[in-house]
Amino acid sequence: MKRTRRSTSNVSDHSDVPSKAAKLGESKATVSDPASASCSNDDVQDKVCFIDRLPDHLVVRIFQELELLKDIATLLPQVCKRWQLLASHENLWKDVHLSYESHMSESQKKMFFKCLQMAPKLSSITFELEYRDGPDFAQRIIKKCPSEVMALHFIYDNLPPAALFCLLKKYKNCLEKLMITDTYTPYVDEDVKRIWKEILNLTKLKHLVVDGAALFYHKATFRRAAPCWKTWQILDVKDCSYENMNTVQKLISVHPNWIEVYLSTTTSSIFRGEVKALSKCTSLETIQVPFCKEFKLLEKCERLDSIIVDCVDETSSEVSNVLPVLAQNNVFPLLKTVKIIGGGSLYAPLLMALVKGRPKISLLNLVSCDIKSEELLDVLENTPSLKTLYFHEMSAQCVSAVANGASNNVLSNLEKLSLFECYCDEGSKLCVKVLAKELEQHQKIKVTIESIVCSCKP
């Protein structure tokens, strides 16, 4: 377990800190007032442990430079009683993420529970649980868990959610983010009812992420007076695979103050009701939705600055109905980020309708898009503020369009181009790697490439 390194504080300005520190443990001398203590002769100076003269907050700041949690959890408490207390200081643990996995070694599990017991506050905990963890696991962790945790991530594999019940109840007044991965867990109705009851009682919850179908097959009842509605801002169910969407639609409808909503990238026919419900959420800033004719209703969401659209199953008639609405300049006036996944022959007109007349767009993310190089160049000419461009599974012709745009000063503000799983075009003899190298050398654009499909001869 590694800690994130922080910037150091300057402690050399303190006049009461000597230039040389004696070895720890050389003297049994004590200092009643670390802030005001001083040495009057060389004999005392040789025996005093000068780090003991530092106030607690400076000692903790020094401890924060330790990169390994095991050093804090095992070594510091063995030095002295003061260090044992300071090793449990909130500032050492508040940004730490702990993770438990069933397949960890016994020594790793022991260290996990040691850290869990020492920490007064944690940033997040991940539990990847399996049936072999046993029903008593919940009682074990509830005794050792810190008093405050900001985020929980539960990954279940055929395990009754007793641990989830206990921790949701324990952290109902401090938990801000909850992630539940339950794909292989066959919940019974009573379990699902209780899970939703505990979730709705979370008074500070802002972000809910659910990966799996079990919680949504059940038609849960949501109370409009639930404590969580006052703080809830983000709903992420994009990795779910399900057919009955009544639960998600109710979640969106009951609470209209969402800021971010991510829906699954599946067939648009399932999500028509959800997209229609989103059109009433006027505070929305970020959405991910499958494309459908109801997309045009989102014109009411004037605060949107980020849109992710899945066009895998789009139909020509639905795109044609939406384009006139998107062509209006007063729709999405704050839009800065656009990501489009897939798309057929009308992909280019849809992308153009989203970017044209919106000069604030600074990031484009195109995934598996069927678009010609001249069409892409036309899109790029309409994004004068573009700084970041992501290509995923795009052809070398698209990279060539970027190179042409950069050489013609069309992309004067472009700073970063990321190419992931892009492929070379043998017909036009265009190589992604060659184009990327030329862009980086001549256009001063930072280009990153990963998993490029290239069979070109050097």
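Let's start with Thr286. Thr286 has a relative accessibility of 10%, so Thr286 counts as buried. Buried means under 20% relative accessible area, exposed means over 50%, and partly exposed lies in between, with a 1.4 Å probe and protein chains only.

A word on the source. This is a predicted model, where local features need pLDDT of at least 70, side-chain atom pairs count only at pLDDT 80 or more, and totals for chains, interfaces and linings use all residues. Residues are numbered from 1 along each chain as its sequence is written, and side-chain values use heavy atoms, with hydrogens and water left out.

Back to Thr286. Thr286 lies in strand β8, residues 286–290. Strands (E, at least two residues) and helices (H or I, at least four) are DSSP runs, numbered from the N terminus. What does Thr286 touch? Leaving aside residues up to four places away in sequence, Thr286 touches Ile259, Glu260, Val261, Tyr262, Leu304, Asp305 and Ser306. Contact here means heavy atoms within 4.5 Å.

The charged end of Lys238 sits over the Tyr262 ring, 5.2 Å from its centre. For that label, NZ of Lys or CZ of Arg must be within 6 Å of the ring centre and within 35 degrees of the ring normal.

Now, rings with rings. The structure has 10 aromatic pairs. Rings of Phe, Tyr and Trp (its six-membered ring) pair if their centres lie within 6.5 Å; planes under 30 degrees apart are stacked, over 60 edge-to-face, and the rest tilted. Take Phe127 and Phe154. Their ring centres are 5.4 Å apart and their planes are at 25°, so this pair is stacked. Phe127 is in strand β2, Phe154 is in strand β3, and they are 27 residues apart. Phe127 is buried at 0% relative accessibility. Phe154 is buried too, with 0%.

Phe113 takes us to the helices. Helix α6 (residues 106–118) and helix α7 (residues 137–144) have axes that come within 8 Å and cross at roughly 45°. Axes are lines fitted to C-alpha atoms, for helices over the stretch in contact, with angles from 0 to 180 degrees between N-to-C directions. Which residues make the contact? From α6, Phe113, Leu116 and Gln117; from α7, Phe137, Arg140, Ile141 and Lys144.

Last stop, helix α14, residues 347–355. Eight of its nine residues are buried. Among them are Tyr347, Met352 and Val355. Just after α14, Gly357 takes a positive phi of about 80°.
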